[in-house]
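Morning, everyone. Please put the sequence and the model up side by side, and I will talk through a few parts of it.

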Amino acid sequence: MPRIVMFGLRAALAAAAVLGGFPRLDASAPLFARDEHCSVSSPDESATSLLQLGPISSLGMGNSVDLCAPSPEEMRSNAAELRRLMDTVAYGNWSVPIEAAWADFQSKTLLRLQAARPAPARKLRILVGVALAQTSLPMLVYNFKKWSKNKAGDTFNFVLLHFDAEEGKLPTLPADVRELLMPHVALRHAGPGCKVDFWKRLAPDFVAGYDYLWLPDDDLRMDFFDWDFYRYHLLAYNPLVSQPSVVGWAPKRRSSDWNFVRATHSSNTSWVTRKIEAMTPVISTKIWPAIFSRAWSVNASNCFAIEGIISNIANEAKALGCFETPLLVVNTPMRHADCRSMNKGSHCFRGYVVEDCFGMSEKEADLLAQALGGECAAAKDPKAWKGKCVCFQPGTHIDRACPAQGKLIFPNATDAGARQ
């Protein structure tokens with residue numbers, strides 16, 4: 001694994017010491033944990049004010065600066081403050097001062113990363129597909145404003161799938177929201193459904209004009225997330241699949257069920273894993289045709305088999321020698337409000353449907369060979385993909401065994417069409 005992927009505490013402290021240290025946290029600053037975050041009509045004032053904050057103070061970095069050689073005194077003076085910041089964010093605390101300190105840390109760390117391993121300079125096109133409850137619209141607006149502040153000039157377009165609206169009846173957007181979002185909306189659909197139902201509307205030809213397809217849940221907010229920090233990892237490591245880390249909305253609130261995608265208490269900027277969560281995957285559009293094919297072959301009431309094939313395409317690409325870091329978690333967290341709006345009064349459920357876990361099909365294998373054959377010779381042969389594992393055994397993200405159909409041991413599995 002490249003050393004920079006596991007960017008450690010010493011290097012982070014080095015960057016901070018040379019570039020001016022961290023802003024101190026005010027221990028008396030209030031921590032906000034709104035109980036009504038899943039039904040608000042607009043973001044709270046303290047959150048909205050973040051959009052008015054000016055840029056982090058200028059961090060000039062001349063050629064004479066030696067980022068790798070801070071004094072021991074500089075290292076020690078920042079260590080305790082950095083550790084506190086890491087713990088504060090990872091535990092789910094949030095306030096305006098905490099967010100400002102985190103943004104400052106990420107800005108300085110990004111400069112260090114860019115100096116150590118420059119990433120290719122190019123603009124990205126991102127298609128963001130959000131299955132959206134109307135109550136989550138303010139959260140989307142908040143996120144869009146942060147997306148739009150990216151320094152690289154990347155393009156973000158949106159697919160809005162209104163699952164709590166009547167079939168074919170698009171909800172009316174407030175005038176200011178309509179003016180803000182609609183120039184960037186490529187598709188809207190209204191009608192009930194589950195995640196996979198909506199993903200089936202993202203035809204490969206429609207997605208092909210973008211570099212990445214991002215499928216975040218509607219209850220994630222970008223208070224700590226920094227797109228410029230995230231895009232650096234996309235360009236530097238070229239993952240097929242990635243995702244931001246996740247923190248709870250407040251201490252002791254649910255972040256992710258899987259500890260390997262939760263924000264870390266260490267200063268690692270990113271890490272390679274074997275599995276992502278369907279909560280917020282960022283997928284290379286190269287592999288979307290194969291995922292799209294699987295979406296039309298499974299029970300759309302749950303997304304576990306799709307989640308599995310997204311991860312295992314990346315795992316198999318690494319096994320074939322095509323990608324060094326195919327599946328990456330980037331530690332620029334999104335806050336999870338855990339609304340579960342889609343599961344309320346619907347047929348959507350969490351759990352495997354055994355029949356959906358068949359190995360990669362001939363069609364999927366052909367699509368992957370076409371998509372990734374240019375990356376390495378081993379990927380050109382569809383036989384390299386056919387029959388490969390799709391579903392993970394529950395409770396692990398490192399088990400590569402893919403038992404034959406009918407022999408899967410899934411404690412939470414259901415028969416097709418059943419609801420857990």
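First, a caution: what you see is a predicted model. The chain has 420 residues, and 57% of them are buried. Its secondary structure comes to 12 helices and 9 strands. Take the contacts between residues with a separation of 6 or more: 82% of those are between residues 24 or more positions apart.

Now to the helices. Please find helix 10, residues 288-295, and helix 11, residues 304-319. How do their axes cross? They come within 10 Å of each other, at an angle of roughly 155 degrees. Anything over 145 counts as roughly antiparallel, and therefore helix 10 and helix 11 are roughly antiparallel to each other. The crossing of these two helices is right-handed. On the helix 10 side, the contact is made by Ala-290, Ile-291, Arg-294 and Ala-295, and on the helix 11 side by Ile-306, Ile-309, Ile-310 and Ile-313. Sorted by class, the residues of this contact are 7 nonpolar and 1 charged, with no polar ones.

The axes of helix 10 and helix 12 come within 8 Å and cross at roughly 165 degrees. That angle makes this pair roughly antiparallel as well. Again the crossing is right-handed. Here Pro-289, Ala-290, Ser-293 and Arg-294 of helix 10 meet Lys-363, Glu-364, Leu-367 and Leu-368 of helix 12. The contact of helix 10 with helix 12 divides into 4 nonpolar, 1 polar and 3 charged residues.

Stay on helix 12, residues 362-372. Which of its residues are buried? They are Glu-364, Ala-365, Leu-368, Ala-369 and Leu-372. These residues cover an arc of only 135 degrees around the axis, so they sit on the same side of helix 12. For the students, the general point is that an α-helix has 3.6 residues a turn, so residues three or four places apart point the same way. The buried residues of helix 12 pack against helix 10 and helix 11. On the other side of helix 12, Glu-362, Lys-363 and Gln-370 are exposed.

For another covered helix, go back to helix 5, residues 137-147. Of its 11 residues, 9 are buried. The buried ones include Trp-147, Phe-144 and Tyr-142, and also Asn-143.

Now the two single residues. Arg-294 is found in helix 10. Is Arg-294 buried or exposed? Buried means under 20% relative accessible area, and Arg-294 has 0%, so it is buried. Leaving out residues up to four places away in sequence, Arg-294 touches Ile-306, Ile-309, Asp-356, Cys-357, Phe-358, Gly-359, Met-360, Ser-361, Glu-364 and Val-390.

The second one is Lys-195, which lies in helix 7, residues 195-199. Lys-195 counts as buried because its relative accessibility is 17%. With residues up to four places away in sequence left out, Lys-195 touches Asp-217, Ala-278, Met-279, Cys-303 and Met-342. How far apart are Lys-195 and Ser-301 in sequence and in space? The pair is 106 residues apart in sequence, and 7.8 Å apart in space, C-alpha to C-alpha.

That is what I had.

Key: Residues numbered from 1 in each chain as written. Predicted model: local features only at pLDDT ≥ 70, side-chain atom pairs only at ≥ 80, totals over all residues. Heavy atoms only, no water. Axes fitted to C-alpha atoms, helices over the stretch in contact; angles between N-to-C directions. Helix = DSSP H or I, 4+ residues; strand = E, 2+ residues; numbered from the N terminus. Parallel < 35°, antiparallel > 145°, perpendicular 65-115°, else oblique. Left-handed = near helix turned anticlockwise from the far one by under 90°. Contact = heavy atoms within 4.5 Å. Nonpolar A, V, L, I, M, F, W, Y, C, P; charged D, E, K, R; others polar. Buried < 20%, exposed > 50% of the residue type's maximum accessible area, 1.4 Å probe, protein only. Arc of directions from axis to C-beta.
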